[in-house]
There are 2 protein chains.
Amino acid sequence: MSTVRDEIAEQPDVVGRLLDREAAAIDAIAEAARAAEPTFVVTVARGTSDNAARYAQFLFGWLARLPVALATPSLHTLYGTPPRYRGALVIGISQSGVSPDVVGVVDEATRQGCVTVAITNAPDSPMAAAARHVVDLGAAPERAVAATKTYTASLAAVAAVVVAVVGDDDRRRELASAPGLLAGQLGLVDEVGPAVEAAVGWTRAAVIGRGANYATAFETALKVKELTGVAAEPYSPADFLHGPVALAGPDYPVLALAPSGATRANVVEALDEVRARGGRAVVVSDDRSVAVGDEPWVPLVVAPEWLSPLVAVVPGQLFAVGLAERLGLDADQPFGLTKVTRTT
Amino acid sequence: MSTVRDEIAEQPDVVGRLLDREAAAIDAIAEAARAAEPTFVVTVARGTSDNAARYAQFLFGWLARLPVALATPSLHTLYGTPPRYRGALVIGISQSGVSPDVVGVVDEATRQGCVTVAITNAPDSPMAAAARHVVDLGAAPERAVAATKTYTASLAAVAAVVVAVVGDDDRRRELASAPGLLAGQLGLVDEVGPAVEAAVGWTRAAVIGRGANYATAFETALKVKELTGVAAEPYSPADFLHGPVALAGPDYPVLALAPSGATRANVVEALDEVRARGGRAVVVSDDRSVAVGDEPWVPLVVAPEWLSPLVAVVPGQLFAVGLAERLGLDADQPFGLTKVTRTT
C-alpha cells in the first residue's frame, strides 16, 4: 500500500480531530471577524491549498455574502506594491507555511491591521507566525508529495470558520457529520475501477464542476496532473462553453462532477454538448442517471451541498492514484516533484 | 485572408479610436469612483473578456492598490444569494453584453448602489443597460468567432479607467502610444513562422506568464485552444512549479511570455525547470537571449511594462491563427463554436 493511499484513508480521522481541537481557535477567529465587520475576504495560497481557497471563495460568498478576492502575490514579491487591504479578512492556506509569496501577503495584511488567519499543517511556520490567528490542521506529517488529507482538512477548516463567522449553529452541527460522510465515501473505494480502466491512454482531459464544487474540479485536475501526467484542465461548465468546448471530441474526455444541487443541471448541459461532439465522459455523482450508456459512473454519497466538496474530491484522489498505479507510476514520488515548493 | 486576420490587423485603429472617443466617459467613471472611495474591485466576465478582467486585477492592484475579486456568477444565477458589494467598484466586461450570468452580477451591483461599469462592444446590450457607466469599445462588429480586437480594446479600456481613477497623467499620455506599439508588433507578423512550424503535432502545452502578463498567458492559451484544438493551459510560473511542472517533458511543450520587467526572471526560472525535464520551449520576448539553443523565439516590441499586455498578446493571436491555417482548419469558424455564448 502506498503512502498516499494511507493518507487518503486517514481523512475522516484528520477532519474529526481538527473540528474538535480547533473549535476554540475558530471561535476566536469568528469573534475577531465579526468585530472587524469585513466587507470582503482575500485569500492567498498555491497549488492544492489554492483549491481550498476556491472553496472559501464560494462559501464566504454563499453563506456570509462576502465577495472573495484571490490575492496577487507578485504585487508583494516582485513589484513591491502591495494592495491596501482595508476592510478585508485575509486568509492564507498552506500545508507547509513556508512559501515566501504566501507568507508575504499574510505578513503585509497583518501589518496593515487586518484580521489575518493562517490555515496550515505547520503551526510553527513563518505563515503561522505572520498571522493573528492560526488554524492548525493537525493532520500529522503528510509524506506523499500529492496533498490529500491536508486538502480535506483545509476544506473542513474553511467550513468551520465560515459557519462560525455567520453564527449558523445548524450548519455547525451538520459539519460534525463530515468525518462520517468521508468514511462512507471511502467505503466506495473500488467503485473508481471502471473510470480508471476507461482512462488508460488519456493524455489530456477536462474536469468540470461549479458552485461548491468548482474547487473540486480544480483539485481533481491537479491530482490527475501530478500523479498521472494527464493534462487535465479544470473549468466551470459556463467557462467551458465559452471557448474550450472547441476541444471536445474523441481525444478530449471530460470528467464531470455532478453532485445533487444547484449546479447539476449546468454540468449536465455541458456534458450534453461534449457528447454531441463525440467526447467521452466519466461521471462522478450521487445520481447514476447523469451517466448515459456505458459511461463510467463513480458514485458519491449524498451530502449537504455546502459540504459536498469534502466527499466529492475523494473519487478524484482515488482515480488519480488508481490510474498512476495502473500506469506503473510511483504515486508517492511522482515525476520528481518535491513536497515543499518555495516560490516568490 | 481570413476575417480573424483582418480583425487582428484592425487593432491599432480600434484602440486609437477608443481612447479618443471614450475619454469623457472614462473621466466620468474616474470621478464617480473617486467619490465612492471603493476599497476593492469586483470584475465579472467570461472567456476572452475574463482574461481582460485578469489584466484589470493586476492593474488595479499595481497602480490603484486595490484588491480585485473575480465574481462568482453562480451565486447570483443558480444559488440566488448574491454577495453584498458594499465598498466595491464593479466592472463587467463582455463583447456582446448578453450573457445572463454577467448581466446578473452588474445588475445586482447597480441595485446595491455600487459604481458599476460595463465595458462592451454593444452599448445597447442588457449589460450596458444594467450599468451606471458604459465604455463603448467601438470596435465595429467582430465577425470571427475568436475575439481579438475586442480583447485589446478591452485592455485599453481597462488601462484608461485605471490611470484615470488614480489620476496618473504621465501614464495617461503613455497610453496614447498603444496604437503605435500595436502597429509595430503587427509589423513582426512573419516572425511567428518558426514557432508555428515547431508546434505542428502539439496536442497539449502550457502557456506561462505572470504579473501584467498573467492575463496574456490566459488569453494566448484560450486562442490556441479555440483555433487549433491544442489543449493549452495557462499558468503563472509560480503556480506551474506547485504541481503542473510534473507534466513537463518532450510531449508537453511550454510557450513562455517573457517581456522585460519584474516577472521575467520568474518565467526564466520555470523555463529552466522545463528544459531540465526535456521539455521544449517557445519564447515570446523582447530579449532574444531568453531563448536558448534552437528554441523558436518570437520578438516583442519594447513597451512599458504596464502596457505590455496589449502587444504581448499579438504573437499569441498570430501563432494560433497561423497554426490553425497550417493544420488546414478554418480560423474563422473553429470547431463549431458560436460567437455569442449565453450561460447562466
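Modeller: Happy to. This is a predicted model, in which local features need pLDDT of at least 70 and side-chain atom pairs count only at pLDDT 80 or more, while totals for chains, interfaces and linings use all residues. Residues are numbered from 1 along each chain as its sequence is written, chains are lettered from A in the order in which they are written, and side-chain values use heavy atoms, with hydrogens and water left out.

Colleague: How many cavities of 30 Å³ or more does the structure hold?
Modeller: On a 1 Å grid over the protein atoms alone, a cavity is a set of points where a 1.4 Å probe fits but cannot get out. Points are joined across faces, edges and corners, and a volume is the space filled by probe spheres set on the points. With 30 Å³ or more as the limit, the number of cavities is 14.

Colleague: Which residues lie nearest the centre of the second largest cavity?
Modeller: That cavity has a volume of about 330 Å³. Its lining residues (those with an atom within 4 Å of a point) divide into 8 nonpolar, 11 polar and 5 charged; Ala, Val, Leu, Ile, Met, Phe, Trp, Tyr, Cys and Pro count as nonpolar, Asp, Glu, Lys and Arg as charged, and the others, Gly among them, as polar. Of the 24 lining residues, those nearest the centre are Arg46(A), Thr48(A), Lys339(A), Thr341(A) and His242(B).

Colleague: Which element gives the most to the lining of the largest pocket?
Modeller: A pocket is an open set of points with protein on both sides within 12 Å along at least five of seven lines, and the largest pocket holds about 530 Å³ of space. Among its 33 lining residues, His242(A), Thr338(B), Lys339(B), Val340(B) and Thr341(B) are the closest to its centre. Helices (H or I, at least four residues) and strands (E, at least two) are DSSP runs, numbered from the N terminus. With 4 residues, the element that gives the most to this lining is α4(B).

Colleague: Which elements give two or more residues to the lining of the second largest pocket?
Modeller: The second largest pocket has a volume of about 240 Å³. Its lining includes Arg84(A) and Arg86(A), along with Arg34(B) and Glu37(B), and by class the lining has 6 nonpolar, 1 polar and 4 charged residues. The elements that give two or more residues to it are, in chain B, α3 (23-36) and α8.

Colleague: What is the area buried between chain B and chain A?
Modeller: Contact means heavy atoms within 4.5 Å, and 70 residues of chain B are in contact with 70 residues of chain A. Arg65(B), Tyr79(B) and His242(B) supply 14% of the area that chain B buries against chain A, more than any other three residues. Buried area is the accessible area (1.4 Å probe) that two parts lose on being put together, summed over both. Carbon and sulfur atoms give 55% of the total, which is about 5400 Å².

Colleague: How many salt bridges are there between chain B and chain A?
Modeller: A salt bridge is a side-chain nitrogen of Lys or Arg within 4 Å of a carboxyl oxygen of Asp or Glu. One joins Lys225(A) to Glu233(B), with the closest N and O atoms 2.9 Å apart. Over all chains the count comes to 43, and between chain B and chain A it is 4.

Colleague: In which helix do Arg173(A) and Asp170(A) both lie?
Modeller: Their side chains meet in a salt bridge, 2.8 Å from N to O. Arg173(A) and Asp170(A) are 3 residues apart, about one turn of the helix, and that helix is α9 (residues 169-175) of chain A.
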